Amino acid sequence: MPGVSLVGSGSACLSVPLTNDGLSQRVDTSDEWIATRTGIRQRHIAAPTDSLTSLATEAARNALEMAQVGVDEVDLILLATSTPDDLFGSACRVQAALGATRAVAFDLTAACSGFVFALVTAAQYIRTGVFKTVVVIGGDVLSRWTDWSDRTTCVLFGDGAGAVVLRAAERDRLLGFELCSDGSLNHSLNLAYQPESAPLVDGITVQKGSFAPITMNGREVYKFAVNRVPEVIEKALFRANLTTADIDWLVLHQANQRILDAVAARLGVPSERVVSNMARHGNTSAASIPIALDEAVRAGKVQPGDVIATAGFGAGLTWGAAIIEWG
Ligand code: ACO
């Protein structure tokens with residue numbers, strides 16, 4: 001059975017930051033409240049000229065460049081997103097923008113767990129021998145769906161995209177994984193369709209609606225994350241035949257610095273081994289893990305052979321962990 005290796009990473013660059021002080025012009029909040037409760041100092045907001053497609057394409061291009069893989073070699077593009085430019089999907093637009101004409105492309109939605117779910121899905125295609133080269137992208141533009149008058153949610157989110165390139169290899173570097181869902185907790189974090197009935201013809205009514213902005217029970221999501229994430233990482237480690245002592249880097253979904261700290265403390269991972277870019281990016285949903293990973297790789301922190309424990313968690317509710325060896 002072919003193995004999977006991660007050979008490149010990339011992210012898109014949004015240059016203009018929205019600081020906490022900037023946000024406090026809009027809602028009753030402060031840099032002190034946001035930084036203390038979440039660790040966030042700023043986030044990036046996509047400009048009207050940006051799109052999910054443009055961010056995802058830039059991230060993928062940078063990852064392919066690092067991997068030194070040509071677009072004509074890509075077999076599959078998997079785009080994890082909850083905020084496509086088109087509800088039919090945006091992966092095909094990314095395929096066209098990259099010029100990856102051989103690749104099949106589709107979207108996958110699992111909110112902030114999307115990148116981990118897509119990584120594991122991509123690996124199955126490689127392990128079965130169907131595909132040799134896959135680009136996995138996590139991208140979200142949650143600013144489109146944020147209620148900018150709700151200070152309990154709008155301070156958390158930012159926009160972005162990150163990507164990795166996976167290739168078939170002799171030795172499998174996806175060492176273990178575990179994925180979970182619990183739809184009974186769906187109500188705690190939603191970006192829900194709100195239907196409005198409109199009569200069509202006699203006896204038939206259609207729904208004409210729109211998506212409501214994000215709603216969240218922050219405390220419930222917080223409790224869920226600090227309980228379930230250490231557990232799912234331990235299960236993935238067990239499958240990898242490793243222990244927490246083997247983790248070189250903990251790369252979690254960047255939701256809240258307090259969640260990162262609590263998970264690391266439960267696992268006994270020292271803070272210098274926890275990758276965090278919360279302060280600069282906020283919560284970029286499916287993009288947060290690949291952006292954090294890419295920054296750590298480019299900064300020379302993550303080296304080939306390092307063991308990375310990564311975990312996503314979020315709406316669904318969904319959560320999952322993957323243990324990977326970089327390079
Ligand atoms: N500025 C100032 N005050 C605020 C703000 C704000 N932005 N937001 C809330 N407050 C106030 C509240 O009104 C409340 O005031 P009160 O005591 O007078 O009623 C007080 O601060 C405390 O509010 P809490 O909601 O209890 O604050 P908490 O400490 O729980 O922090 C937070 C809230 C940061 C949202 C936290 O619960 C959290 O991070 N939860 C996890 C959220 C998360 O990670 N979600 C994303 C999951 S990923 C995905 O799928 C999208």
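Trainee: At what angle do helix 7 (residues 218-239) and helix 8 (residues 257-267) pack, and how far apart are their axes?
Mentor: In this predicted model, helix 7 and helix 8 pack against each other, and two values describe the pair: the axes lie 9 Å apart, and the angle is about 40°. Angles under 35 degrees would count as roughly parallel and those of 65 to 115 as roughly perpendicular, so helix 7 is oblique to helix 8. The values asked for are therefore an angle of about 40° and an axis distance of 9 Å.

Trainee: Which class of residue, nonpolar, polar or charged, has which count in the contact of helix 7 with helix 8?
Mentor: Helix 7 contributes Y222, A225, V226, N227, V229, P230, I233 and E234, while helix 8 contributes R258, I259, A262, V263, R266 and L267. Divided by class, the residues of this contact are three charged, one polar and 10 nonpolar.

Trainee: Is the crossing of helix 3 and helix 4 left-handed or right-handed?
Mentor: Helix 3 (residues 52-67) and helix 4 (residues 91-98) have axes 9 Å apart and pack at an angle of about 55°, and they are therefore oblique to each other. As for the hand of the crossing of helix 3 and helix 4, it is right-handed.

Trainee: Which residues of helix 4 make the contact with helix 3?
Mentor: On the side of helix 3, the contact is made by T53, A56, T57, A60 and R61. By class, the contact of helix 3 with helix 4 has two charged, two polar and five nonpolar residues. The residues contributed by helix 4 are R93, V94, A97 and L98.

Trainee: How far does a polar side-chain atom of T29 lie from a nitrogen atom of the ligand?
Mentor: There are 25 residues around the ligand, and T29 is one of those that come nearest, together with R37, C112, R219 and N256. A backbone N or O atom of R151 also faces a ligand nitrogen atom, at 2.9 Å, whereas a polar side-chain atom of W33 lies 3.3 Å from an oxygen atom of the ligand. For the polar side-chain atom of T29 and the ligand nitrogen atom, the distance is 2.6 Å.

Trainee: Which residue has a positive phi although it is not a glycine?
Mentor: The residue lies in the loop between helix 3 and strand 4 (76-80). Its phi is about 55°, and the residue is Q68.

Trainee: Which two residues does a cis peptide bond join?
Mentor: One of the two, L317, has its place in the loop between strand 16 (307-314) and strand 17 (318-325). With omega at about -5°, the cis peptide bond joins G316 and L317.

Terms used. Residues are numbered from 1 along each chain as its sequence is written. This is a predicted model: local features need pLDDT of at least 70, side-chain atom pairs count only at pLDDT 80 or more; totals for chains, interfaces and linings use all residues. Side-chain values use heavy atoms; hydrogens and water are left out. Axes are lines fitted to C-alpha atoms, for helices over the stretch in contact, and angles run from 0 to 180 degrees between N-to-C directions. Helices (H or I, at least four residues) and strands (E, at least two) are DSSP runs, numbered from the N terminus. Angles under 35 degrees count as roughly parallel, over 145 as roughly antiparallel, 65 to 115 as roughly perpendicular and the rest as oblique. A crossing is left-handed if the near helix is turned anticlockwise from the far one by less than a right angle, and right-handed if clockwise. Contact means heavy atoms within 4.5 Å. Ala, Val, Leu, Ile, Met, Phe, Trp, Tyr, Cys and Pro count as nonpolar, Asp, Glu, Lys and Arg as charged, and the others, Gly among them, as polar. A residue is near a molecule or strand if one of its heavy atoms lies within 4 Å of it. A polar contact is a pair of N or O atoms within 3.5 Å; within protein, one must be able to donate a hydrogen and the other to accept it, and residues adjacent in sequence count only if both atoms are side-chain atoms.
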